[in-house]
Amino acid sequence: MLPELGHFALILALLLAGLQAFFGLAAPALGRDRWLAAVMPATAGQAVMVATAFACLVASFVRFDFSVAYVAQNSNSALPLIYRIAAVWGAHEGSLLLWIVLLACWTIAVAFGVSRLPPRFGARVLGVLGLVSFGFLLFTLATSNPFLRLDPAAPDGRDLNPLLQDPALALHPPLLYTGYVGFAVAFAFAIAAMLEGRLDQAWARWTRPWTLAAWAFLSIGIALGSWWAYYELGWGGYWFWDPVENASFMPWLVGTALIHSLAATEKRGLFKSWTLLLAIVAFSLSLLGTFLVRSGVLVSVHSFAADPARGVFILAFLVIMIGGALALYAWRAPLLKSNAGFEFASRESFLLFNNILLVIAAATVFGGTMAPLISDAAGLGTLSVGPQYFNPTFLLPMLPLVALVAIAVHSNWKRGRLPERKRPVIVSGLVGLAIALALVLGYYGGRPGLALVSLALGAWLVLSSLVDPVDRLRRGLSLPRAIIGMTLAHVALGVFVIAVTTVETYTAEEDIALAQGETAHVGGYDFRFEGVASIDGPNYDGVHGMVQVSRNGQPVVTLHPEKRRYLVQQSVMTEAGIATQAGRDLFVALGEDLGAGRWSLRIQIRPLINYVWLAVALMALGGFLAASDRRYRSARAPATEPGEAGQGSTA
Amino acid sequence: MNRFLLPLAAFVLLAIVLAIGIRQSNTKGIVVSPLIGRAAPEFVLPNLLDATKRFDSRVMKGRWYALNVWGTWCIECRVEHEVLVAARQEAKLPIVGLNWKDEDTEARAWLAQLGNPYEAVPVDAEGRVAIDYGVYGAPETFLIDPRGVIVYKRIGPMTPEIWQREFVQRAAGAS
């Protein structure tokens, strides 16, 4: 019964989304203001139906209903409750439904937010969101229905992909999708503004908090995925330039450019057409990211549900949404004129450079991700693009960007008065360089090279960003949340650069075979292998290793790397043993059983690695703070503070 | 030209590349297995359909045949089952069904209920033979030539088109 109810709710949701799109877009276009009254009920009804469908799928998982094909494929009678719930988005069909649910959450939050805006404009925003939802619902019902029955029912399920049986990965897709979907709001505002021909500064101001919140969610989602890869995949890396990672990173880069260009548009009425284009591109890349994984076009470790038939539908949807948006842009953007001028060293030109560098960075990632596909399509054979391409090409725009931010935080709108502010820039730069030199020569050791440059840049950015806020506090001035958020994000970028540089340059690593009682010496620590014992989990068995770590004869910690064999899918997973000590991670992963009590072990000492994720979390916090600034709250009803709206959509 | 048309033009190019990519992904189902072109591992296993005799893979020498790895716990196997049953009725290429990590009673009930597409059903209860064949998930189907060499491997459920194009026609074309 429940699956049928869910299926029925999805069909109703599709119809209501169609009504929401129709009334939202047609009422203002045809000037029928009475139709506007239908937009809100359709929106609310769609959200209720989507929530009902989602609840039905969750219930089918919780109740072990193996007569539902999707449940039988992704769950098992031995699967613990939390993973039965996470299994809802463990594969293609359910993750699409999750996407739709999150879109409904954002839409409801926007519906409250736009109630203070001009009614026609608000209707158009909701209409565009309805259109996006309609496309996704149609796709789900036509090609990926999660409620299909299996007759006769399966006696037991095939279990959730063991890679996904992990708390961080249970949360990773919802957060990532919240970010992806959040860019739909910026997209809807941009389309509504273009349809309306109302491209004043107001729309940038309305769009900004939503975009900041979406960007912050996307940041957390990406960081969580990276953290998971670090301790679960057992290779000790945290970023692999895998196509799917890139697919989430490209909207992030463009989204970062967007939140900066929105600032220039809001404050100074500049870059209007460019900001519109970025809003379209950020969401287009989110759509592309959602779909590249699903269509089987790009082969990657993530594509567990590749199906060309879906690919055709997806492509048609992309052509309608993105092609339509870009055509609208080509038609409307020429009408935009900027009347404001600015001097060379003003904040405007720094934001322009920031945008150029971020877009170049996104383009290099895009090029590397699409190159295999293009070479394949052109018949040039299979091409594989890895870190050898991405690492150097990505650094090229990013290092100048860090320097740019360190200078730009002292610039003013309109006027190039930077020479008057050069003292803090130069002083913080010199102090940063001194810190970097001291770290490289005195503490880490080794010859100074690129690491010195990027450490100095990172330290410079941290110090330089703090100068103004500290100065304001000393003079007893208040700090608005927007400034705190911005400062936090810029400091976090500096910390991020320092952490990544340190991890990449100063990791000590060894792959070694040890018998019980033998010791390996890595990076000043002694790792004594105490052998393995067998373990028994709810749906897996495996071995559990013990490694005593000591330094100068003093015991430090005992690490417990595991190797689990998941029974139903017969796949082997590694769980690395990790301890954080004085800013560095001691990492041991269990490799192969070499027989006679010998095991291969991967031992790594990674300094500052936790600060990589901590920095991204700080950036996200900065984004949330800026999104909840008083300026945006006063413009709308008190209940629709963007920060709260954002939190609501994860629940 | 209107410079604001450039994004649209770039997107059209991208859409064309994606369309070609989707077309080609139809043929990407062939995962190159290191076993293709090598001799199929030989095995002797209990026979599900006849408890008195063991199944020796060498009896298939001299004929083209398909080796299908299946289990009653495998959802996609159910999806492909009717394709295999239809293939047996067509009688162009015999199928051996390696029953992988399954319960004998359930496997027999499955064949009784849904029809038996297999000429023989060796029982690989512990999954040793499947490991030799590099199986990483059911269903998988191998095409084996009269010399006992693996010619082709299909991962995932069989479809009538793949069965005709990749299995029946290859076997007919070569002999």
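## Chain B as a whole

Of the 175 residues in chain B, 39% are buried in this predicted model. The chain holds five helices and seven strands, and when these elements are followed from the N terminus on, their order is α-β-β-β-α-β-α-β-α-β-β-α. Because the radius of gyration of chain B is 20 Å, well over the 16 Å that the globule rule gives for 175 residues, the chain is more spread out than a compact globule.

The C-alpha trace of chain B spans about 80 × 35 × 30 Å along its principal axes. Among the contacts in chain B with a separation of 6 or more, 76% are accounted for by residues 24 or more positions apart.

## Where chain B touches chain A

The contact between the two chains draws 18 residues from chain B and 30 residues from chain A. On the side of chain B that touches chain A, helix H1 (residues 6-25) of chain B gives the most, with twelve residues. Sorted by class, that side of chain B has 13 nonpolar and five polar residues, and no charged residues.

## Helices H1 and H2 of chain A

In chain A, helix H1 (residues 2-30) packs with helix H2 (residues 39-62) at an angle of about 155 degrees, and the axes of these two helices are 8 Å apart. Since angles over 145 degrees count as roughly antiparallel, H1(A) and H2(A) are therefore roughly antiparallel to each other.

The crossing in which H1(A) passes H2(A) is left-handed. By class, the contact of H1(A) with H2(A) has 19 nonpolar and eight polar residues, while charged residues are absent from it.

## Helices H14 and H15 of chain A

Further along chain A, helix H14 (residues 422-444) and helix H15 (residues 450-474) pack with their axes 7 Å apart, at an angle of about 140 degrees, which makes H14(A) oblique to H15(A). The crossing of H14(A) and H15(A) is right-handed.

On the side of H14(A), the residues that make this contact include A:Pro424, A:Val425, A:Ser428, A:Gly429 and A:Leu439, and on the side of H15(A) they include A:Ala451, A:Leu455, A:Trp460, A:Ser464 and A:Val467. By class, the contact of H14(A) with H15(A) has 17 nonpolar and four polar residues, with no charged residues.

Key: Residues numbered from 1 in each chain as written. Chains lettered and ligands numbered in written order. Predicted model: local features only at pLDDT ≥ 70, side-chain atom pairs only at ≥ 80, totals over all residues. Contact = placed C-beta atoms within 7 Å. Helix = DSSP H or I, 4+ residues; strand = E, 2+ residues; numbered from the N terminus. Nonpolar A, V, L, I, M, F, W, Y, C, P; charged D, E, K, R; others polar. Axes fitted to C-alpha atoms, helices over the stretch in contact; angles between N-to-C directions. Parallel < 35°, antiparallel > 145°, perpendicular 65-115°, else oblique. Left-handed = near helix turned anticlockwise from the far one by under 90°. Rg over C-alpha atoms; globule rule 2.2 N^0.38 Å. Buried ≥ 20, exposed ≤ 12 C-beta atoms within 10 Å, placed from the backbone.
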